[in-house]
Amino acid sequence: MKLNTNLTVAIHTILCIAYFEKDYKVTSDFIAGSTGMNPVIIRKILGKLQAAGMVETKAGVGGSTLSKKAEEITLLDVYKAVSEEKESERSVFNFHVNPNPKCPVGSKIHAVLDHPLDNAQKALEEELKKTTIKDLMGKL
């Protein structure tokens, strides 16, 4: 997933569902009111979270509920659910596609950067794995 708002909006969405699902019908409009995002974007994110088995969404004004317990959903799970890349391509780093192979820098940029960026990606994922939705709920 490139650096964008999908992850934070998805986490905010899940937190809204977890926080409000017992007292309110948590619709995309409801979540949009909390996130400040367009309900269409929220519906797209809800679709990805549902496909990943984290939420259940009923069509129309049925609302959304968690499909898993909050302690079973890690930030890494959410990151993977909303990532637009295949797992083998997932990275927060967006590499420019056409470095000049005739340039002494361009020809070696992948050899120089791939390993440290891969290590940083792994460190990010390890950190995301440590925090659950329940952990965040305890801070609201």
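Is histidine 110 buried, partly exposed or exposed? Histidine 110 counts as partly exposed, because its relative accessibility is 35%, and the cut-offs put buried under 20% and exposed over 50%. The model discussed here is a predicted one.

**Histidine 110 and its surroundings**

Histidine 110 is placed in helix α5, a helix that spans residues 109-129. Its contacts, once neighbours within four places in sequence are set aside, are Phe95 and Pro99. Histidine 96 lies 14 residues away from histidine 110 in sequence, and the C-alpha to C-alpha distance between the two histidines is 10.0 Å.

**Salt bridges**

How many salt bridges does the structure hold? There are three. Side chains of opposite charge can pair when their charged atoms come close.

| aspartate 118 | lysine 122 | 3.2 Å |

Aspartate 118 and lysine 122 are both residues of helix α5, with a spacing of four residues, or about one turn of the helix. Glutamate 126 and lysine 129 are also in helix α5; because they are three residues apart, about one helical turn separates them. An α-helix has 3.6 residues a turn, so residues three or four places apart point the same way.

The accessibility of the paired residues can be given for several of them. Aspartate 118 counts as partly exposed, because its relative accessibility is 36%. In the remaining pair, glutamate 127 counts as partly exposed at 45% relative accessibility, whereas lysine 130 is exposed, with a relative accessible area of 59%.

Glutamate 127 lies in helix α5. Threonine 74 is 53 residues from glutamate 127 in sequence, yet their C-alpha atoms are 10.0 Å apart in space.

**Helices α1 and α3**

At what angle do the axes of helix α1 and helix α3 cross? The axes of α1 (residues 6-20) and α3 (residues 39-51) cross at roughly 80° and come within 10 Å. Helix α1 is therefore roughly perpendicular to α3, because angles of 65 to 115 degrees count as such. The residues of this contact divide into eight nonpolar, two polar and one charged. On the α1 side they are Asn6, Val9, Ala10, Thr13, Ile14 and Ile17, and on the α3 side Ile42, Ile45, Leu46, Lys48 and Leu49.

Methionine 37 sits in the loop between α2 (28-35) and α3. Its relative accessibility is 24%, so methionine 37 counts as partly exposed. Leaving out neighbours within four places in sequence, methionine 37 is in contact with Thr5, Val9, Ala32 and Ile42. Two of these, Val9 and Ile42, also belong to the α1 and α3 contact. Methionine 37 and valine 9 are 28 residues apart in sequence, with a C-alpha to C-alpha distance of 8.2 Å.

**Helix α4**

Which residues of α4 are buried? They are Leu75, Leu76, Val78, Tyr79, Ala81 and Val82. Helix α4 covers residues 75-82 and is mostly covered, six of its eight residues being buried. Those buried residues pack against α1, α3, α5 and α6 (133-137).

**Serine 64**

Is serine 64 buried or exposed? Serine 64 is buried, because its relative accessible area is 3% and the cut-off for buried is under 20%. Its place is in strand β2 (residues 63-66). The side chain of serine 64 is joined to that of threonine 57 by a polar contact of 2.8 Å. Not counting residues up to four places away in sequence, serine 64 touches Ile17, Glu21, Val26, Leu46, Glu56 and Thr57. Among these, Ile17 of α1 and Leu46 of α3 also take part in the contact of α1 with α3.

Definitions and conventions
Residues numbered from 1 in each chain as written. Predicted model: local features only at pLDDT ≥ 70, side-chain atom pairs only at ≥ 80, totals over all residues. Heavy atoms only, no water. Salt bridge = Lys/Arg side-chain N within 4 Å of Asp/Glu carboxyl O. Helix = DSSP H or I, 4+ residues; strand = E, 2+ residues; numbered from the N terminus. Buried < 20%, exposed > 50% of the residue type's maximum accessible area, 1.4 Å probe, protein only. Axes fitted to C-alpha atoms, helices over the stretch in contact; angles between N-to-C directions. Parallel < 35°, antiparallel > 145°, perpendicular 65-115°, else oblique. Contact = heavy atoms within 4.5 Å. Nonpolar A, V, L, I, M, F, W, Y, C, P; charged D, E, K, R; others polar. Polar contact = N/O pair within 3.5 Å; in protein donor to acceptor, adjacent residues only side chain to side chain.
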